[in-house]
Amino acid sequence: MAESTVEADLLDRGGVGLAVQGWRATITLNRPDRLNAQTPLTWQALREIGQRLDPEVRVVVVRGAGRAFSAGLDRRLFTSAEVDGAPGLAALAERPTEQADADIAGFQQGFSWLREPERVTIAAVQGHAIGAGFQLALACDLRVVADDARFRMAETGLGLVPDLGGTLPLVKAVGYARAVEICLTGREVPAEEALRLGLANAVVPGERLDVAVDELAEAVAQPPRTAVRETLELLVQADEAVDPEQQLAEERAAQLRCIAELAERFGAP
């Protein structure tokens with residue numbers, strides 16, 4: 001698939017790069033000056049990539065340009081009615097609940113396709129992976145992290161909840177009690193602890209991150225495609241404790257309640 005099949009303007013406005021070489025696609029969060037902070041246009045671009053990705057692609061690598069994977073939400077979402085033409089949090093709170101729920105469902109789709117069994121997805125994480133950045137890494141099947149990586153779930157401390165699909169894989173990876181502690185304290189989880197907890201598959205020196213990801217991508221691309229897809233489906237079924245769609249709906253509903261409370265507390269900008 002050529003990059004042109006996803007609108008270049010959308011990719012640019014969303015701060016997302018896409019490169020496809022045969023069986024591999026590389027998605028790059030490309031706003032290094034903002035530590036790859038994410039906006040609704042980022043999620044729209046990710047969703048479009050997932051919908052239009054060439055079926056021949058077997059492995060997707062998600063990475064961040066510069067010194068961070070992603071610092072999470074673009075802080076303009078907290079202070080502006082619109083961010084690059086998309087609604088800020090206060091504007092989202094003013095929409096009818098059904099419409100706002102649909103908006104957040106669209107945001108979630110930018111992440112949820114990364115867990116579809118048609119392909120293996122790998123997050124290459126360096127530096128900060130905060131909030132939405134943490135959730136984007138969690139959306140991938142595998143995570144290879146540099147030794148300077150720092151994960152943090154910051155939403156609860158900001159008066160929000162993780163609503164981009166991150167709660168379910170976090171609990172599955174580290175267990176309920178540890179997930180509670182990580183979310184409610186908002187503390188950083190350094191690379192070596194992430195490895196111990198099951199959040200990372202491997203920790204490597206920063207200068208070896210790309211090489212390690214390339215090696216893993218090559219390895220997971222070797223088995224026959226049908227076998228990979230069927231195995232992934234079986235593993236997902238074996239790991240499902242709750243209905244994922246219900247979990248996404250619960251995240252949206254909780255997020256809308258939090259946004260409404262924030263809007264009431266601080267008022268629309």
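Predicted model: local features only at pLDDT ≥ 70, side-chain atom pairs only at ≥ 80, totals over all residues.

Visitor: What makes strand 8 and strand 11 a pair?

Guide: Strands are DSSP runs of E with at least two residues, helices are runs of H or I with at least four, and both are numbered from the N terminus. Two strands pair if DSSP finds at least two bridges between them, and strand 8 and strand 11 (residues 202-204) have three, in the parallel sense. Strand 6 (residues 120-125) also pairs with strand 8 in the parallel sense, over four bridges, and there Val-125 stands opposite Val-145.

Visitor: Why is strand 8 described as mostly covered?

Guide: The term buried means under 20% relative accessible area, exposed means over 50%, and partly exposed lies in between, with a 1.4 Å probe and protein chains only. By that rule five of the five residues of strand 8 are buried. Both faces are covered, with Leu-142, Val-144 and Ala-146 on one side and Arg-143 and Val-145 on the other.

Visitor: How many aromatic pairs does a search of the whole structure find, and why is the pair of Trp-43 and Phe-107 called tilted?

Guide: The search finds two aromatic pairs. Rings of Phe, Tyr and Trp (its six-membered ring) pair if their centres lie within 6.5 Å, and planes under 30 degrees apart count as stacked, over 60 as edge-to-face and the rest as tilted. The rings of Trp-43 and Phe-107 have centres 4.9 Å apart and planes at 55 degrees, so this pair is tilted. Trp-43 lies in helix 2 (residues 40-52) and Phe-107 in helix 5 (residues 97-112), so the contact ties together parts 64 residues apart in sequence. Trp-43 and Phe-107 are both buried.

Visitor: What makes the pair of Phe-134 and Phe-151 tilted?

Guide: Their ring centres are 5.1 Å apart and their planes stand at 40 degrees, so the pair of Phe-134 and Phe-151 is tilted. Phe-134 belongs to helix 6 (residues 132-139) and Phe-151 to strand 9 (residues 150-152), so this pair ties together parts 17 residues apart in sequence. Phe-134 and Phe-151 are both buried.

Visitor: How do you know that the span of helix 2 is close to what is expected?

Guide: The expected span of a helix is 1.5 Å times one less than its number of residues. Helix 2 has 13 residues and reaches 18 Å from its first C-alpha to its last, close to the expected 18 Å. Helix 2 is mostly covered, with 10 of its 13 residues buried, among them Pro-40, Leu-41, Arg-47 and Glu-48.

Visitor: What makes a space a cavity rather than a pocket?

Guide: On a 1 Å grid over the protein atoms alone, a cavity is a set of points where a 1.4 Å probe fits but cannot get out, whereas a pocket is an open set with protein on both sides within 12 Å along at least five of seven lines; lining residues have an atom within 4 Å of a point. Four cavities of 30 Å³ or more are found in the whole structure. The largest cavity holds about 170 Å³, and of its 18 lining residues, Trp-43, Leu-73, Leu-89, Asp-163 and Gln-255 lie nearest its centre.

Visitor: How is the lining of the largest cavity divided?

Guide: Ala, Val, Leu, Ile, Met, Phe, Trp, Tyr, Cys and Pro count as nonpolar, Asp, Glu, Lys and Arg as charged, and the others, Gly among them, as polar. On that basis the lining of the largest cavity has 13 nonpolar, three polar and two charged residues.

Visitor: What volume does the largest pocket have, and which helix supplies the largest share of its lining?

Guide: The largest pocket has a volume of about 870 Å³, where grid points are joined across faces, edges and corners and a volume is the space filled by probe spheres set on the points. Of the 33 residues that line the largest pocket, Arg-115, Ala-139, Asp-141, Lys-172 and Val-236 are the closest to its centre. Helix 11 gives the largest share of that lining, six residues, and the lining as a whole divides into 17 nonpolar, seven polar and nine charged.

Note on methods. Residues numbered from 1 in each chain as written. Heavy atoms only, no water.
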